[in-house]
Amino acid sequence: MAARGVLVLGGGVAGMAAALSLAAMDFEVTLVEKAAVPGGRAVGYACKATDRCLHCGVCLASDLAEELAASPVVLRTGTRLEGLEGRPGDFRATVTGAELAVGALVVATGLAPAPAAGWPDLGYGRLDAVITASELEERCRRQGPPAARRVAFVQCVGSRNPAWGKGYCSEVCCPYALRLGLGLVAEAAAEVTVFFNDLQTAGKSMATAREQARKGLRLVQGVPSRAAGVAAGVELQFEDVRAGGVRREGFDLVVLSTGIWPGPDTAALARLLGINTGPTGFFAGHPGQSWRSSRPGIYLAGSCQKPRGIADSIAHGRAAAAQVAADLEEVRSA
Amino acid sequence: MKVEVAVVGAGPSGLSCAAALVRLGRKVAVLEAAEATGGTLRAAPGYLAPAAEGRTRLQTLQAAAGPAALLTGHPAGSLSGGPGAFRLEAGNRRLTAGAVVLASGVRRRLSPADHGLEPAYNLLGLSDMARLLADPQASLGRLRGRRVAFFLDVSAPDSLRQQAAAMHLGIAVRRQLAAEVLWFGRDLKVAGDGLEARYREARDLGVTFFRDAGRPPMLTATAGGYRVWAWPEEGGEPVEVAIDLAVLDEREEPCLPQWDLGPRRENSRLGHRSPRPGIFVTGSLRADLDLEGCLVDGVAAAAVADAFLRGLDGLVRAEVDAPRCARCLTCVRLCPHRAMAIAWYREADRAAAKVDKAACRGCGVCVAACPALAITLTTCPDEDIYRQLESGGRTT
Amino acid sequence: MKLLAFVCERSALRAAREARELGAWPEELELVAVPCSGRIDVLHITGALTRGYAGVLVVGCHEEACEFVQGNLVARRRVEYLRRLLEQAGVDPGRVRMELASPAGAPRLARAARELVAEISCRTGGKGEEA
């Protein structure tokens, strides 16, 4: 029966999408999630609709969570993978408190946001009015937007700098910052400034947000280097690339758009599973088939392989599921 | 020909989708209007990726999609029927397919007028440049030491795919032809697979990047080239450069067959689904994807289509009481999933609206609109709603 | 005073549940769940009014985020139509309202819900503001 069983590691959007796709293809799926509830990061994010849907994709996380609850997928929360033996089609996976016989393993362990405290000059941890975008997401989700008039978003915190070993664009931060910013404008009448290096506004799903952001947000090329606490909030020092010159400006709230780093367990899990990581620390996908890891029988889904937004992670999870199903059918018929 | 899935378009996403469906054991036909498969990867391997990588990907995809029936030179014609039994005309062939995946991509068209220019021999679109670079017959040698400039964000603002193409092509022009390369655009896009690294590579090779501050560059034709004025600083003085060849971004239009796909609008919830159940959308048609994105998207669409075929004998959601139907076509007109049609009911000996149960998704829009009160939603009948009303609603 | 919200299962029901967990949902506002806001017809709403509900809220998904493509738009048209009818019939059209919501937008829906409750209790001289 092992070849009918699939273990999905991680219950974020990619893991849920992979598990649900596999269940729809009649596989016996166990979803292992280290947290107490499935859903991952995206289920805690806020809808960013203004007067129109900005296609942020957060509702998709909710859809998947509901679908998962109604599906035959066996959910094991508060559980981790402890060991894996065997070969494709016949693995024995040890998870907290149980041993499972599975044919394949989908790794969907997600990401870690760049640690904002790693940039002490930007004031995170030192100044109360400096928060991360994930903190703003959670706050908006539970209480709605904060009442701050002058709000600044600082892009590329932890992205696009080979010096930190992060010589890549995290892809999701410009879209989320613009959408969150528009939400603050629409619901809390804030004045929002976005400080960026290069604004990433490509994509059909960004069409509405892009158009609204160019009208409703102040977009400044040049990322602040320093934040200082002043009586009326936070003062940011930045170089305005397009207008020229170093300037200082005060804000009531500063949001650090932290990039996507590999999840905290990535290195340890790579060792445990015997799969490779790439130069940026994410699990290494097969060239042209990024959903396959370096080891047969082990597959990758979502942001554990490279930075991906919600919709892309879901697509990647489904792609991994299709490959698992095809390979397991092959194993069975061999 | 009878297949389980018909894939329309044999570009990277279509081939990737067909290959995945074949691996899943599905019987697949791929309809391609051109005479060969591969789409942009074949016409211009260096457009979506560095040329060598593009060729490798194409070979892998063609091999993997091999077992599917590849109908090249067969553009998709009319579509009828419904989920489980779509009837599709393609050239001289007729197909029956359980599900259809649209992967027909976009058509690119050079539009010099967008840049204030007339067509000229030294004015190329990005895809022209890619084709020339792949063509051993093209005499590009004379570009050695000349200036080639790429202009983005004009005909297709904010296109990730075109910015990636400009990056790949700029590097190729610099390396292969030893020409000087300049890049002009509003925002530099690096949010693609490996794109940041490509950008750094280009910069290290000496490609010059000019980001404009909202005012696009101005070009005028000179004898044998163009003069460019660009404004990298807001309200600042323009930078003036003479170039020999201008490569422009291109307008993109979706290649859609003339089918009724239901109400057409962006929708967050649908993902790979079109409004019409059983018809799926993938690749460039669906989103602004780079090559990696197309490959993932094709396989993801395959998973969705496969799951759909497994669930075809789903539950009956809406039912028509045929004798009550007034045949007013309100439901036919309103159904977002095109699940309603007028059909003959033998037992009632009359024509009335009929639900295609494979296409019905159970929203109840028709039920609420039916003036004859002839439609029931079995999954949420009126009695249920009124019972909830009487009992003070739900508490959880 | 009691009010009723017809909520779509895919968005508003989840947002309302979450708002209730967060203690932000007005207690007077009862929920009736439907697969899509497009399921709700004028008779359901008038049915609620005649059964003693002081106000009715129809909640669908945000535009371009309806699982059923345009159920939300159809619902909005119906609500607008009914409001015109109510006005002509001499019934306060403010008793019926349409809102758009997302499963991830509990605070916004809760605020709209509290506003409706407050406004209607004001107009009907009900027991005053709860929120």
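**Note on the interfaces of chain A**

1. Between chain C and chain A, eight residue pairs are in polar contact, both residues at pLDDT 80 or more. A polar contact here is a pair of N or O atoms within 3.5 Å; within protein, one must be able to donate a hydrogen and the other to accept it, and residues adjacent in sequence count only if both atoms are side-chain atoms. On the side of chain C that touches chain A, helix 1 (12–21) and helix 4 (106–123) of chain C each supply at least two residues. Helices (H or I, at least four residues) and strands (E, at least two) are DSSP runs, numbered from the N terminus. By class, that side of chain C has five nonpolar, three polar and eight charged residues. Ala, Val, Leu, Ile, Met, Phe, Trp, Tyr, Cys and Pro count as nonpolar, Asp, Glu, Lys and Arg as charged, and the others, Gly among them, as polar.

2. The model is predicted: local features need pLDDT of at least 70, side-chain atom pairs count only at pLDDT 80 or more, and totals for chains, interfaces and linings use all residues. Residues are numbered from 1 along each chain as its sequence is written, chains are lettered from A and ligands numbered from 1 in the order in which they are written, and side-chain values use heavy atoms, with hydrogens and water left out.

3. The C–A interface brings 16 residues of chain C into contact (heavy atoms within 4.5 Å) with 20 residues of chain A. About 1500 Å² is buried between chain C and chain A, 45% of it on carbon and sulfur atoms. Buried area is the accessible area (1.4 Å probe) that two parts lose on being put together, summed over both. Seven salt bridges are counted between chain C and chain A, a salt bridge being a side-chain nitrogen of Lys or Arg within 4 Å of a carboxyl oxygen of Asp or Glu. One salt bridge joins A:E187 and C:R108, with the closest N and O atoms 3.5 Å apart.

4. The B–A interface involves 43 residues from chain B and 44 residues from chain A. Its buried area is about 3600 Å², with carbon and sulfur atoms giving 51%. Of the area that chain B buries against chain A, B:R23, B:S268 and B:R269 supply 15%, more than any other three residues.

5. Eight salt bridges are found across the interface of chain B and chain A. In one salt bridge, the side chains of B:E292 and A:R308 meet at 3.2 Å, N to O. Polar contacts between chain B and chain A number 20 residue pairs, both at pLDDT 80 or more. Helix 7 (195–204) and helix 8 (291–310) of chain B each give at least two residues to the side that touches chain A. Helix 8 of chain B provides the largest share of that side, eleven residues. The classes on this side of chain B are 17 nonpolar, five polar and 21 charged residues.

6. B:D158 lies in the loop between strand 9 (147–151) and helix 6 (160–177) of chain B. Not counting residues up to four places away in sequence, B:D158 touches A:T201, A:A202, A:G203, A:R210 and A:R214 from chain A, and B:D153, B:R186, B:K189 and B:D288 from chain B.

7. Chain A has seven helices and 18 strands. Its radius of gyration is 21 Å, close to the 20 Å that the globule rule gives for 334 residues, so chain A is as compact as a globular protein of that length. The radius is taken over C-alpha atoms, and the globule rule is 2.2 Å times the number of residues to the power 0.38. Of the 334 residues of chain A, 59% count as buried.

Terms used. Buried means under 20% relative accessible area, exposed over 50%, partly exposed in between (1.4 Å probe, protein chains only).
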